[in-house]
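The points below are grouped by topic.

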Amino acid sequence: MSKKLKVGVLGATGMVGQRFVTLLAGHPWFEVVVVAASPRSAGKTYQQAVAGRWKMADPIPAAVKDLTVLDVSQIDEIASQVDFVFSAVNMSKAAIKKIEEEYAKTETPVVSNNSAHRWTPDVPMIIPEINPNHSEVIKFQRQRLGTQRGFIAVKPNCSIQSYAPALSAWMKFEPTQVVATTYQAISGAGKNFDDAPEILNNVIPYIAGEEEKSEKEPLKIWGKVDQQKGEIIPVAAPVITSQCLRVPVLYGHTAAAFVNFKQQPTKEELIAALESYAGVPQELGLPSAPKHFIQYLTEDDRPQVQLDVNFENGMGISIGRLRPDKIFDWKFVGLSHNTARGAAGGAILCAELLKAQGYITAKQCY
Ligand SMILES: N[C@@H](CC=O)C(=O)O
């Protein structure tokens with residue numbers, strides 16, 4: 001058994017950072033050796049830094065609780081201790097862009113949960129089952145950054161994960177138009193019910209920047225690597241329009257979606273395409289890969305957050321209520337776990353893919 005890769009978690013004290021630390025406990029390939037956060041937490045043990053704000057159901061992993069939190073701006077010091085980092089830093093978009101590039105330039109690969117680099121044309125935005133080949137763009141990014149090993153890869157926003165996987169399974173039927181309304185959990189805003197009492201008995205019809213991400217990000221995921229330009233060119237279709245609502249749910253983003261297709265698939269064909277949809281993570285048996293990526297639930301009242309959000313440890317997608325529509329061709333409901341598949345879990349699976357593809361290696365092997 002080869003040695004585990006040494007990992008740093010940047011932004012380790014926030015909700016997504018806590019999820020990274022929890023999911024990485026006992027990971028077969030990766031070992032958290034550095035936790036980093038803002039100067040406010042730096043110098044404390046991880047346990048002290050998250051005291052009173054630990055939001056995970058599991059206790060703080062024993063291997064991490066006594067680590068001293070470093071300041072994320074101690075870039076060289078952190079880079080010297082790790083093979084790569086996960087980024088969940090909470091800063092302005094410009095500051096995130098800058099610091100993630102600075103880490104990459106120390107020859108430290110960055111796998112980011114943040115949106116800052118999602119539209120940098122030579123940064124791959126990866127859902128490993130859907131577009132594993134987008135890592136091909138890393139060679140162009142390395143040329144731009146002047147690195148041999150360092151690069152940035154990102155995962156997309158959590159909001160798209162409840163409907164984009166279904167649409168990906170249906171690409172052969174050529175979806176042309178999509179309406180997606182998302183019902184998003186408060187943990188997506190880094191909060192629980194104590195932090196967000198205003199959500200009780202309420203629905204808030206605005207999440208800053210979310211509709212734009214929901215409409216645009218799938219187009220890059222379905223895009224092509226242009227080997228001449230050295231970037232990913234997003235597709236133009238399907239056109240997606242979206243509304244994003246915050247609802248009183250802790251974990252689980254639901255989407256109610258309508259689709260038009262160029263081809264006219266039957267319901268059986270659509271369900272078969274969902275149920276059989278698998279990719280490189282399943283073929284390679286990556287440690288965080290769900291065995292079954294998309295389940296189709298036949299009961300009229302599924303998927304439900306309470307019953308289905310933890311399907312495949314929160315890494316699988318649940319689809320149901322597929323039926324013909326009066327205005328569109330078909331409509332359906334999707335559900336995904338926003339902090340597992342939609343955030344830290346999705347980033348960890350992305351890092352596993354990049355390791356399997358040879359983009360992330362132990363620094364001493366480089
Ligand atoms: N922006 C999302 C979080 C997903 O990554 C949300 O607010 O729910």
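A pocket, as the word is used here, is an open set of grid points where a 1.4 Å probe fits, with protein on both sides within 12 Å along at least five of seven lines, and its volume is the space filled by probe spheres set on those points. In this model, which is predicted, the largest pocket holds about 1,000 Å³ of space. The second largest pocket has a volume of about 600 Å³.

**Largest pocket**

- The lining of the largest pocket comprises 42 residues, and those closest to its centre are Val16, Ala88, Val89, Asn90 and Asn114.
- Two or more lining residues come from each of helix 1 (15-24), helix 5 (93-105), helix 8 (210-221) and helix 12 (340-356), and helix 1, with 4 residues, gives the most.
- Sorted by class, the lining of the largest pocket has 18 polar, 15 nonpolar and 9 charged residues.
- Both domain 1 (5-157 + 344-356) and domain 2 (160-336) contribute to the lining of the largest pocket, with at least three residues drawn from each.

**Second largest pocket**

- For the second largest pocket the lining numbers 26 residues, of which Arg19, Leu23, Asn313, Met315 and Ala340 are the closest to the centre.
- Helix 1 and helix 12 supply at least two residues each to this lining, and both helices also give two or more residues to the lining of the largest pocket.

**Annotated span**

- According to an unreviewed UniProt entry, residues 6-138 carry the annotation "domain: Semialdehyde dehydrogenase NAD-binding".

**Val305**

- Val305 is placed in helix 11, which covers residues 305-308.
- Val305 counts as partly exposed because its relative accessibility is 23%, a value between the cut-offs of under 20% for buried and over 50% for exposed.
- Leaving aside residues up to four places away in sequence, Val305 touches Val249, Tyr251, Gly252, Thr254 and Leu335.
- Leu354 is 49 residues from Val305 along the chain, and the C-alpha atoms of the two residues are separated by 31 Å.

Conventions: Residues are numbered from 1 along each chain as its sequence is written. This is a predicted model: local features need pLDDT of at least 70, side-chain atom pairs count only at pLDDT 80 or more; totals for chains, interfaces and linings use all residues. Side-chain values use heavy atoms; hydrogens and water are left out. UniProt positions are given in the numbering used here, feature names are shortened, and annotations may be inferred rather than shown by experiment. On a 1 Å grid over the protein atoms alone, a cavity is a set of points where a 1.4 Å probe fits but cannot get out, and a pocket is an open set with protein on both sides within 12 Å along at least five of seven lines; lining residues have an atom within 4 Å of a point. Ala, Val, Leu, Ile, Met, Phe, Trp, Tyr, Cys and Pro count as nonpolar, Asp, Glu, Lys and Arg as charged, and the others, Gly among them, as polar. Domain bounds come from an automatic or database domain assignment. Buried means under 20% relative accessible area, exposed over 50%, partly exposed in between (1.4 Å probe, protein chains only). Contact means heavy atoms within 4.5 Å.
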